[in-house]
Amino acid sequence: MKEYDLVRLIAEKEQYAKHGVHEGMRGWICFEQRTEGHWLVSFEEPGYFDEDPTISVKEEDLEVICDSKTE
């Protein structure tokens with residue numbers, strides 16, 4: 001995984017849900033470095049959020065949908 005990859009959350013956890021982020025939601029990695037096994041991800045769901053949440057997510061809870069190199 002790397003900055004600007006499009007990812008999907010593949011785990012439902014309370015730490016994400018408290019920010020309104022749930023399994024199946026998509027976002028993009030918005031920081032170039034992983035920190036202690038976590039990536040900073042901005043979740044964008046049109047019409048769902050007033051302000052897109054940017055949260056730290058465990059790498060194992062993410063699936064790459066679109067590699068930023070293929071764009």
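Guide: Lys and Arg count as positive here, Asp and Glu as negative, with His and the chain ends not counted. A charge is placed at NZ of Lys, CZ of Arg, CG of Asp or CD of Glu.

Visitor: OK, how many positive and negative side chains are there?

Guide: The protein has 8 positive and 18 negative side chains. The centres of the two sets lie 5 Å apart.

Visitor: What kind of model is this?

Guide: This is a predicted model: local features need pLDDT of at least 70, side-chain atom pairs count only at pLDDT 80 or more, and totals for chains, interfaces and linings use all residues. Residues are numbered from 1 along each chain as its sequence is written, and side-chain values use heavy atoms, leaving out hydrogens and water.

Visitor: Which elements does the protein have, and in what order?

Guide: From the N terminus on, they run β-α-β-β-β-β. That comes to 1 helix and 5 strands. Helices (H or I, at least four residues) and strands (E, at least two) are DSSP runs, numbered from the N terminus.

Visitor: How much is buried?

Guide: Buried residues make up 31% of the 71 residues. Buried means under 20% relative accessible area, exposed over 50%, and partly exposed in between, using a 1.4 Å probe and protein chains only.

Visitor: And which residues form the largest nonpolar core?

Guide: It has 12 residues: V7, L9, Y16, V21, M25, I29, W39, V41, F43, I55, V57 and L62. Strand 1 (6-9), strand 3 (38-43) and strand 4 (54-58) are the elements that give two or more residues to this core. Strand 3 gives the most, with 3 residues. A nonpolar core is a set of buried Ala, Val, Leu, Ile, Met, Phe, Trp, Tyr and Cys residues joined through side-chain atoms within 4.5 Å.

Visitor: Take I29. What does I29 touch?

Guide: Not counting residues up to four places away in sequence, I29 touches M1, K2, E3, Y4, D5, V7, W39, L40 and V41. Contact means heavy atoms within 4.5 Å.

Visitor: Y4 is on that list. Where is Y4 found?

Guide: Y4 is in the segment before strand 1. Y4 is exposed, with a relative accessible area of 55%. Its phi is near 80°, a positive value in a residue other than glycine.

Visitor: What do most residues do?

Guide: Most residues other than glycine have a negative phi.

Visitor: What about E36: where is its place?

Guide: E36 is in the loop between strand 2 and strand 3. Phi of E36 is near 50°, again positive in a residue other than glycine. E36 is exposed at 77% relative accessible area.
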